[in-house]
Amino acid sequence: MNVEAAGLARQMWEHSRARDTVSLGEWMTLAPWWEFTPITVAGRVVGATMVCGHEIHLASWERPKASTRSCARNILRAVIERKGYATTTVLADNPAGLAFCRRLGFVVDNEENGVIRLTCKEPRHA
């Protein structure tokens, strides 16, 4: 894993609830399996996406703006073109995250133990 990807992986862990259940060491052990892409706004990295197969996750250390959604949507499109669909998860107590995913085109598959699983076959433009 290159230095930029390792830095993004660490920032994603710091800005996600994963840190509540997974240590940084465990997270970094899994990180090489994922492709990390920075999300930049006005030349600043404000978040990142991580993709492994059809699974995609996003972390934003600033409130998502239209340009953030645009970047996430482009990465989402690429995953769907390669795999036919994309999946993600959102914690049930994160209504803003769920709304963001729905704006991108994800639909809820199920909810179990406080985790909502979603699938997207066609990204939205909104």
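Reply:

**The paired strands and their surroundings**

Strand E2 (residues 44-52) and strand E3 (residues 55-60) run antiparallel and are joined by 6 bridges, in a model that is predicted. Within this pairing, valine 51 stands opposite isoleucine 56 in E3. The two strands form a hairpin with 2 residues between them, and glycine 53 in that turn has a positive phi of about 65°.

On its other pairing, E2 is joined by 7 bridges to strand E1 (residues 35-41), and these two strands also run antiparallel. Here threonine 37 has threonine 49, in E2, as its bridge partner. E1 and E2 likewise form a hairpin with 2 residues between them, and in this turn it is alanine 42 that has a positive phi, of about 55°. Most residues other than glycine have a negative phi.

Within strand E3, histidine 57 deserves a separate look. Histidine 57 counts as buried because its relative accessibility is 16%, the limit for that class being under 20%. The side chain of histidine 57 makes a polar contact, at 3.3 Å, with the side chain of threonine 88. Leaving aside neighbours within four places in sequence, histidine 57 is in contact with Met12, Trp34, Ala48, Thr49, Met50, Thr88 and Thr89; Thr49 in this list is the residue already met as the bridge partner of threonine 37.

From here the account passes to the open space beside the strands. The largest pocket has a volume of about 1,200 Å³. It is lined by 39 residues, and those closest to its centre are Ser16, His57, Leu58, Thr89 and Asn94, so that histidine 57, buried at 16% relative accessibility, is also among the residues closest to the centre of this pocket. The elements giving two or more residues to the lining are helix H2 (24-30), E2, E3, helix H3 (66-83), strand E4 (86-91) and helix H4 (95-104). Of these, H4 gives the most, with 7 residues.

Threonine 119 is buried, because its relative accessible area is 13%, and its side chain makes a polar contact with the side chain of aspartate 109 at 2.3 Å. Not counting residues up to four places away in sequence, threonine 119 touches Tyr85, Ala86, Thr87, Gly105, Phe106, Val107 and Asp109. The loop between strand E5 (107-112) and E6 holds asparagine 113, which has a positive phi of about 55° although it is not a glycine. Asparagine 113 is exposed, because its relative accessible area is 74%, whereas threonine 119 is buried.

The cysteines complete the picture. With a disulfide taken as a pair of cysteine sulfur atoms within 2.5 Å, the count comes to 0 disulfides. Cysteine 101 is in no disulfide, its nearest cysteine sulfur being that of cysteine 120, 9.4 Å away. Cysteine 120 is likewise in no disulfide, and for this residue the nearest cysteine sulfur is that of cysteine 101, at 9.4 Å. Cysteine 101 counts as buried because its relative accessibility is 9%, and cysteine 120 counts as buried because its relative accessibility is 0%.

Notes. Residues are numbered from 1 along each chain as its sequence is written. This is a predicted model: local features need pLDDT of at least 70, side-chain atom pairs count only at pLDDT 80 or more; totals for chains, interfaces and linings use all residues. Side-chain values use heavy atoms; hydrogens and water are left out. Buried means under 20% relative accessible area, exposed over 50%, partly exposed in between (1.4 Å probe, protein chains only). Two strands pair if DSSP finds at least two bridges between them. Helices (H or I, at least four residues) and strands (E, at least two) are DSSP runs, numbered from the N terminus. A polar contact is a pair of N or O atoms within 3.5 Å; within protein, one must be able to donate a hydrogen and the other to accept it, and residues adjacent in sequence count only if both atoms are side-chain atoms. Contact means heavy atoms within 4.5 Å. On a 1 Å grid over the protein atoms alone, a cavity is a set of points where a 1.4 Å probe fits but cannot get out, and a pocket is an open set with protein on both sides within 12 Å along at least five of seven lines; lining residues have an atom within 4 Å of a point. Grid points are joined across faces, edges and corners, and a volume is the space filled by probe spheres set on the points.
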